[in-house]
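Trainee: I am new to this structure. Please take one part of it and walk me through it closely, then show me how it sits in the rest.

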Amino acid sequence: MREKGPGQQALETPRAAGLAGVVFALLLAAAIVLMRLGIPEGAEAVTPEAFTDSGRREAVLSALALVPFAGILFLWFVGAVRAHVGEAEDRFLATVLLGSGLVFTAALFAGAAAASAVLSVGHPAGQAPDLAAWDFGRHFAYTLLTDYATRMAAVFVSSMSVIGHRLGVLPWPLILLGLLTAVTLLFAASHVPWSELVFPAWSLVISLYILVVGRRARARTATPG
């Protein structure tokens, strides 16, 4: 098998990062939607239907099954992006980017574990849930997801946007989109339901952009002259 040269590896890195980002964005968006439908917030969460609807339990179980894969793909996406940037990246911003990505993943997993505890302890299969355990687990899970994970996602988005601006690898529309996404995640996600979906939406846009740029770069390299 012929070994790939440095130029080929450099071109394949953004494509791999883009593919991982696309799948991550779709999985995270699906998990958020299923979790919102399965464990709602507000008065709707304490109605009798919320305690007896098996469909909501299945929605949460489906979301929990997606979260580990979303987290793995997100970490791989972060690593691939940093490898593509290489020595040109700012060390301070690169540290913030990596640290926020790791904390986001940890908070995402912790929120999923809390939701799993709601099902196992507060809402056993085939039994009526315990009100106190259900309410505590629901608030705990949403606090981790909407107060901590989303704010770490905001730091990740903002640092990525600044790196993209400094290195000139992101156009101004995507930089502005990143800033708007970061502001939404910082100030609105904990108060406005469903607003956390802006993070997977931003990840999808960035990933598609990386794929398009990588395809153009490969086409230029393959074309003689």
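Mentor: Leu 75, Leu 98 and Leu 102 make it, and its area is about 230 Å². Keep in mind that this is a predicted model. Leu 98 belongs to helix α4, residues 91-122. Its relative accessible area is 33%, so Leu 98 is partly exposed. The protein as a whole exposes about 11800 Å². Carbon and sulfur atoms supply 68% of that area.

Now step back to the fold. The protein has 7 helices and 0 strands. From the N terminus on, the order reads α-α-α-α-α-α-α. Of its 225 residues, 42% count as buried. Take the contacts between residues at least 6 apart in sequence: 80% of them join residues at least 24 apart.

Next, go inside. The largest nonpolar core has 46 residues. Phe 74, Phe 104, Phe 156 and Phe 199 have the most contacts within this core. Two or more residues come from each of α1, α3 (54-85), α4, α5, α6 (172-187) and α7. Helix α5 gives the largest share, 11 residues.

Look at Phe 74 in particular. Leaving aside neighbours within four places in sequence, Phe 74 is in contact with Phe 24, Gly 101, Phe 104, Thr 105, Phe 156 and Phe 199. Several of these names return when you follow the rings. Ring pairs link Phe 24, Phe 74, Phe 104, Phe 156, Phe 199 and Trp 202 into a cluster.

The structure holds 9 aromatic pairs. One of them joins Phe 24 and Phe 199, edge-to-face, with 6.0 Å centre to centre and 70° between the planes. Phe 24 sits in helix α1 (residues 6-38) and Phe 199 in helix α7 (residues 198-222), so this pair ties together parts that are 175 residues apart in sequence. Both Phe 24 and Phe 199 are buried.

Phe 199 has another edge-to-face partner, Phe 156. Here the centres are 6.4 Å apart, and the planes stand at 90°. Phe 156 is in helix α5 (residues 131-167), and this pair too links distant parts of the chain, 43 residues apart. Phe 156 is buried, as is Phe 199.

Stay on helix α7 for one more residue, Ser 203. Its relative accessible area is 1%, so Ser 203 is buried. Beyond residues up to four places away in sequence, Ser 203 touches Gly 21, Phe 24 and Ala 25.

Finish with the charges. A search of the whole structure finds 2 salt bridges. In one, Glu 196 pairs with Arg 36, and the closest N and O atoms are 2.7 Å apart. Glu 196 lies in the loop between α6 and α7, while Arg 36 lies in helix α1. Glu 196 is buried, at 9% relative accessible area. Arg 36 is buried as well, at 6%.

The other bridge joins Arg 151 and Asp 147, with the closest N and O atoms 3.8 Å apart. Both residues lie in helix α5, 4 residues apart, about one turn of the helix. Arg 151 is partly exposed, with a relative accessible area of 26%. Asp 147 is partly exposed too, at 27%.

Technical notes: Residues numbered from 1 in each chain as written. Predicted model: local features only at pLDDT ≥ 70, side-chain atom pairs only at ≥ 80, totals over all residues. Heavy atoms only, no water. Phe/Tyr/Trp six-rings, centres within 6.5 Å; stacked < 30°, edge-to-face > 60°. Buried < 20%, exposed > 50% of the residue type's maximum accessible area, 1.4 Å probe, protein only. Contact = heavy atoms within 4.5 Å. Areas by Shrake-Rupley, 256 points an atom, 1.4 Å probe, with all protein chains shown as cover. Patch = residues over 30% accessible without salt bridge, like charges linked within 9 Å, V, L, I, M, F, W, Y side chains within 5 Å. Salt bridge = Lys/Arg side-chain N within 4 Å of Asp/Glu carboxyl O. Core = buried A, V, L, I, M, F, W, Y, C linked by side-chain atoms within 4.5 Å.
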